[in-house]
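Here are my notes on this one, written as numbered points. Have the model open while you read.

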Amino acid sequence: MNRKTSSEPCTPGTMASRGEQECAIGVHQFDAEILHQRVLFQVYQFDASLMIWVGASGRRCLKSLAVASAMGQRQLVATTLLGNPSAEVGNESMAKRLSKKLGKQVFLSVNLDESNVELALSVEKRINEEVHLFPDLF
């Protein structure tokens, strides 16, 4: 299993020139062998949200994007921003669960076989394991 973490400034100097504090985008990457295929994970950590990209080794694409966020104290909402909404219901549900667990807005892009329920459950399980091991990276 490979793991790489970095923090990269976003548009260096632009915020400092306005007298604001520099912002940073944290990037955390890991991979896993799931159901006989290498799955890559990239987490982009922003101030109050994060984006999780999941895809197969050698096939880097962005064919789906769902977002989930809290509305008030108890309600979570999710929608599909990119891709077929009827095919991405699983991504919306996963984004909701991750948003609830992490307490922040979550953008989620899972670029794997969307008809494989076992794969989706294994991907979510692997993300939750990484959150448990490295909560500060989420």
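1. Let's start with Ser99, which sits in helix H2 (residues 89-102). Leaving out neighbours within four places in sequence, Ser99 is in contact with Ala68, Ser69, Ala70, Leu76, Lys104, Gln105 and Val106; contact means heavy atoms within 4.5 Å. Ser99 has 3% relative accessibility, so it counts as buried (buried is under 20% relative accessible area, exposed over 50%, partly exposed in between, with a 1.4 Å probe and protein chains only).

2. Some ground rules before going on. This is a predicted model, where local features need pLDDT of at least 70 and side-chain atom pairs count only at pLDDT 80 or more, while totals for chains, interfaces and linings use all residues. Numbering runs from 1 along each chain as its sequence is written, and side-chain values use heavy atoms, with hydrogens and water left out.

3. The overall layout: three helices and seven strands, in the order β-α-β-β-β-β-β-α-β-α along the sequence. Helices (H or I, at least four residues) and strands (E, at least two) are DSSP runs, numbered from the N terminus. Of the 138 residues in the chain, 38% are buried.

4. Which strand is largely enclosed by the rest of the structure? That is S4 (residues 49-56), because seven of its eight residues are buried. On one pairing, strand S3 (residues 37-45) runs antiparallel to S4 over seven bridges, and the two form a hairpin with three residues between them. Another pairing joins S4 to strand S7 (residues 105-111) in the parallel sense, over seven bridges. Strands count as paired if DSSP finds at least two bridges between them. Leu50 shows up in both: it is the bridge partner of Gln45 and stands opposite Val106 in S7.

5. Now the largest nonpolar core, which has 25 residues. Such a core is a set of buried Ala, Val, Leu, Ile, Met, Phe, Trp, Tyr and Cys residues joined through side-chain atoms within 4.5 Å. Phe41, Ile52, Val54, Leu112, Val123, Ile127 and Phe138 touch the most other members. Two or more residues each come from strand S2 (24-34), S3, S4, H2, S7 and helix H3 (117-133).

6. Glu124 and Arg97 form one, with the closest N and O atoms 2.7 Å apart. Glu124 lies in H3 and Arg97 in H2, so the pair ties together parts that are 27 residues apart in sequence. Glu124 is buried at 9% relative accessible area, whereas Arg97, at 43%, is partly exposed.

7. Two further spots for charges. Asp31, Glu33 and Arg38 are linked in a network of salt bridges; the Arg38 and Asp31 side chains meet at 3.7 Å, N to O. Asp31 is buried at 8% relative accessibility, while Arg38 is partly exposed at 33%. Within H3, Arg126 and Glu129 are three residues apart, about one turn of the helix, and their side chains meet in a salt bridge of 3.9 Å, N to O.

Methods
A salt bridge is a side-chain nitrogen of Lys or Arg within 4 Å of a carboxyl oxygen of Asp or Glu.
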